[in-house]
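This report describes selected local features of one protein chain. Please examine the sequence and the structure shown below before reading on.

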Amino acid sequence: MSTPANAPGERYQLFRRAGSTRWQVRFSIKGQGQFKRSLDTDDEREAERRAEAIWYEATYRAKQGLTAKTHTFESVAEAYIAQILREVERGERRADQGKSEPAVIRRYFVGYFDDKPIDAVTEADLERYAEWRRTYWTEGPGKLIEHIEYERDGHRLRRPVRRSAPSLSRQRGETVVLRGLLRWAARQGYMKTPPEITIKARRSPDNRRPSFEPHEFARLEAVSLSRLVDPIMDGTGAEVRASDRRSWRIKRLDDHTRRDRTVLHAYVMIGAFSGLRPTEMYNLTWGDVLGYRAGRKKSVDDRDIRLQVRGKGKSGKAIPQKAAIPWFDTLWMLFERSMGREPADADPVFASEQGKRISSVANGFTELLKAAGLERDHRGIKRTPYSLRHFYISEQLANGAEVMDVARNCRTSLVMIDKHYGQVRLERVVDRLRPEWTRA
């Protein structure tokens, strides 16, 4: 039983539940059903004033195409997370998004906006949030957190917190998630128009891994090959200077150095014509070079291989250029010569004289770059083995390969291709920038 009280025009009804002195209000909104809310007062006149305000706000929101009831940011965020998980289950989103995006939403977005009505979030709020996010791990709530727990391959792991501002790419990625949440909220009627997200992620120094222009790579290749030959053959040896100012010329290349440089040259050629990441290269075993054994006796033109790669938490198949195949032959021959047998499937492709996996060629690669005068690019940024992957992707794009195909073959996203690997000089695609219609 409840005690009702009349309301002007019967727009709404005040009532008290049996055994309670507190007034409540109920009313209906066309298409949205009935609403009830406690008015938190014993005074009938005050209850009427509050009920009037609530009714006007609800009807105004309904006329604007919104839900009559306001919703907190947290409640809408949880509804959006549930939508993400449904889309992952249906295969409409990647599985990793079902883990990463809810974590970002709950830690940062809900952590900041919490119970604020979502339709009250303004552009100014977003600007303030952006600054709060940049200092989250250094001055904000994150400064008290020691470890972050996460799940990988069914195991619960944890890693230490990095006490620094988020990278430029992370700021942009999180902004994309926040924009998606607000747009979804608008489509669901929780807010009228989402505020424009004009968060300007502060630019960090340009640290994109530099590539090679084709003529630079040709020089790198030529210098690398020249370093496999004995200096004494052309009458000059490499000059060596000691710390005590003594100097002399090397008249002969020892077998150990020659082998190391040959492995390095194979690394350069395979990296440049496959686009593999350094970790993916180091992880390669002969069992990962699919189709290689069956085609060893055939000519390069009649052979084809696939690479089963893994590294950086990703795995998949890669299709290399045929120019990489002869250098797999070279590495096979070096293994046979060192170990006195053919490589087994479990043996590493890049192996030492003892048949052990090589974990890095960084030092040798730096020496090769110095010898070729290519240690830094035109911006003055130091090249690394990763530059070979950048060269491969840039050449693929410059020669007309589809961006989506390149992204899949390199196990990366279109966003990453655009940000890091799409730096192809305009002069090299001039014909594509002059399509036939301009000459009509």
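## A side-chain contact of E52

In this predicted model, the side chains of E52 and Y12 are joined by a polar contact of 2.6 Å. E52 lies in helix α1, which covers residues 44–63.

Which residues does E52 touch, leaving aside its neighbours within four places in sequence? The residues in contact with E52 are R11 and Y12.

## An open sheet of three strands

Elsewhere in the chain, three strands make up an open sheet, and their order is β9-β10-β11. The pairing in this sheet is antiparallel. Strand β9 (289–290) and strand β11 (314–318) are the edge strands, each of which pairs on one side only.

## How the strands are paired

Strand β10 comprises residues 306–311 and runs antiparallel to β9, to which it is joined by two bridges. Between β10 and β11, the antiparallel pairing extends over five bridges.

Where does L307 of β10 find its bridge partners? L307 is the bridge partner of V289, and in β11 the bridge partner of L307 is A318.

## The hairpin

Strands β10 and β11 form a hairpin with two residues between the strands. In this hairpin, K312 adopts a positive phi near 55 degrees.

Conventions. Residues are numbered from 1 along each chain as its sequence is written. This is a predicted model: local features need pLDDT of at least 70, side-chain atom pairs count only at pLDDT 80 or more; totals for chains, interfaces and linings use all residues. Side-chain values use heavy atoms; hydrogens and water are left out. Two strands pair if DSSP finds at least two bridges between them. Helices (H or I, at least four residues) and strands (E, at least two) are DSSP runs, numbered from the N terminus. A polar contact is a pair of N or O atoms within 3.5 Å; within protein, one must be able to donate a hydrogen and the other to accept it, and residues adjacent in sequence count only if both atoms are side-chain atoms. Contact means heavy atoms within 4.5 Å.
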